[in-house]
Amino acid sequence: MVTILLYVVVIAVVAAALFFLASVVFGRGEEMEPLPEGTTATALPARGISGRDVRALRFSLTLRGYDAREVDWALDRLAVEIDSLRLRLREAEPSEAVVEDAPGDDV
């Protein structure tokens, strides 16, 4: 019975060592390097946000995912930009003015 317990303990230790070695060699599978502690790459221009700016956004990771304050800030900035663009588009569209009847078109 003691022999079986010893085998289980040895297998667990070897598995943990292999897992640690693989995680050191291959990393955590991230596409980009982790940001230094206390910094953030969350930045958007003051005006004229483009798709490239949105794709370049990076948020700090916390224990349970992304930092919610950074995500909320980015979403608020994008909402303001979308509202601004929609307003400018509405102002640029030709107004649907009532077409006045030209003189002599009476039937």
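Buried here means under 20% relative accessible area, exposed means over 50%, and partly exposed covers what lies in between (1.4 Å probe, protein chains only).

**Figure 1. Overview of the predicted protein chain.** Buried residues make up 10% of the 107 residues in the protein chain. This is a predicted model, in which local features need pLDDT of at least 70 and side-chain atom pairs count only at pLDDT 80 or more, while totals for chains, interfaces and linings use all residues. Residues are numbered from 1 along each chain as its sequence is written, and side-chain values use heavy atoms, with hydrogens and water left out. The protein chain holds three helices and two strands, in the order α-α-β-β-α from the N terminus. Helices (H or I, at least four residues) and strands (E, at least two) are DSSP runs, numbered from the N terminus. The accessible surface comes to about 10000 Å², and 62% of this belongs to carbon and sulfur atoms; such areas come from the Shrake-Rupley method with a 1.4 Å probe, and for residues only the protein chains shown count as cover.

Figure 2. Let's start with H1, whose 25 residues reach 36 Å from first C-alpha to last, close to the 36 Å expected at 1.5 Å a residue. The expected span is 1.5 Å times one less than the number of residues in the helix. Leu6, Val10, Val14, Leu18, Leu21, Val25 and Phe26 form a nonpolar patch on the surface, with about 720 Å² of accessible area together. Patches are made of residues with over 30% relative accessible area and no salt bridge; like charges are joined within 9 Å, and nonpolar side chains (Val, Leu, Ile, Met, Phe, Trp, Tyr) within 5 Å. Val10 lies in H1 (residues 2-26) and is partly exposed, at 43% relative accessible area.

**Figure 3. The largest nonpolar core.** Five residues make up this core: Leu44, Ile49, Leu57, Ala74 and Leu78. A nonpolar core is a set of buried Ala, Val, Leu, Ile, Met, Phe, Trp, Tyr and Cys residues joined through side-chain atoms within 4.5 Å. Neighbours within four places in sequence aside, Ala74 is in contact (heavy atoms within 4.5 Å) with Leu44, Leu57 and Phe59.

**Figure 4. Helix H3 against helix H2.** The buried residues of H3 are Glu70, Ala74, Arg77, Leu78 and Glu81, and they pack against helix H2 (51-55). Across this view, Leu78 and Val54 are 24 residues apart in sequence, yet 8.6 Å apart in space, C-alpha to C-alpha. The end C-alpha atoms of H3 (residues 68-92) are 36 Å apart, which agrees with the 36 Å that its 25 residues should span.

**Figure 5. A salt bridge between Asp67 and Arg69.** The side chains of these two residues meet at 3.3 Å, N to O. A salt bridge is a side-chain nitrogen of Lys or Arg within 4 Å of a carboxyl oxygen of Asp or Glu, and by this rule the count comes to one. Asp67 counts as buried at 13% relative accessibility, whereas Arg69 is exposed at 66%.
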